[in-house]
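The following explanation leads the reader through one protein chain.

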Amino acid sequence: MGVLRPRFLYLLPKLFRRCIHISSKELDINEGIKFKEVRVISNDGSQIGIIPVEKALEAAYAKDLDLVCISPNAQPPVCKIMDYGKFRFEQAKREKEAKKNQKVVEVKEIRLGLSIDVHDFETKGKQAIKFLNAGNKVKVSIRFRGRELGHPEIGLDNMARFAEFCADHSTVEKAAKMEGRNMLMFLAPKSGK
């Protein structure tokens with residue numbers, strides 16, 4: 001039979017995890033500030049002046065706020081009296097909003113054959129144009145097999161034809177080049193699109 005533990009002990013790991021998450025950020029707060037004297041800015045933005053850390057902590061605790069070292073490399077270091085939990089929440093919210101507005105560019109791959117037919121070529125070209133219009137980059141590749149390795153000029157011709165087919169919608173980011181048994185070329189969407 002297992003040992004029964006009081007209910008609050010199950011909550012402790014969650015509480016500590018939250019505290020560690022907040023305090024592991026790069027800013028020093030409250031007793032974590034190791035300087036003797038600091039320049040203190042009040043929570044309303046006015047400067048209090050250069051005072052010992054103990055007095056700054058007392059002033060912060062009197063307002064039921066935290067003392068946060070915002071510029072440790074300055075001479076003397078700059079600390080601000082603020083609600084650190086609210087500051088972290090707003091900072092996380094701003095980061096999340098910036099991440100949401102960020103456009104992720106994917107690299108889509110189109111594989112061509114060395115002896116590709118006209119219709120297949122046009123179909124793959126239209127698919128590449130669709131990817132480029134969506135804002136993605138396109139990696140065009142040709143795999144050489146057996147005796148095909150002796151004719152890289154045919155691959156270069158196909159790549160040049162493909163780049164010309166997509167020229168209205170793309171720019172060649174990296175020209176066609178052999179890498180092992182593969183020939184690769186990268187197309188990027190035109191900036192005006």
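**Confidence, a helix and the cysteines**

The average pLDDT of the chain is 84, and 85% of the residues score at least 70. The model is predicted, and one stretch calls for caution: residues 17-24 have a pLDDT below 50. Beyond near neighbours in sequence, this stretch has 2 contacts in the model.

Helix 2 comprises residues 53-62, and Val53, Ala56, Leu57 and Ala60 are buried within this helix. These residues cover an arc of only 100° around the axis, which places them on the same side of helix 2. An α-helix has 3.6 residues a turn, so residues three or four places apart point the same way. Just after helix 2, Asp64 adopts a positive phi of about 60°.

The cysteines remain to be considered. A disulfide is a covalent bond between the sulfur atoms of two cysteines. With a cut-off of 2.5 Å between cysteine sulfur atoms, the count comes to 0 disulfides. Cys69 is in no disulfide, and the nearest cysteine sulfur, that of Cys79, is 4.1 Å away. Cys69 counts as buried because its relative accessibility is 2%. Cys166, at 0% relative accessibility, likewise counts as buried.

Terms used: Residues numbered from 1 in each chain as written. Predicted model: local features only at pLDDT ≥ 70, side-chain atom pairs only at ≥ 80, totals over all residues. Heavy atoms only, no water. Buried < 20%, exposed > 50% of the residue type's maximum accessible area, 1.4 Å probe, protein only. Helix = DSSP H or I, 4+ residues; strand = E, 2+ residues; numbered from the N terminus. Arc of directions from axis to C-beta. pLDDT = per-residue confidence, 0-100. Contact = heavy atoms within 4.5 Å.
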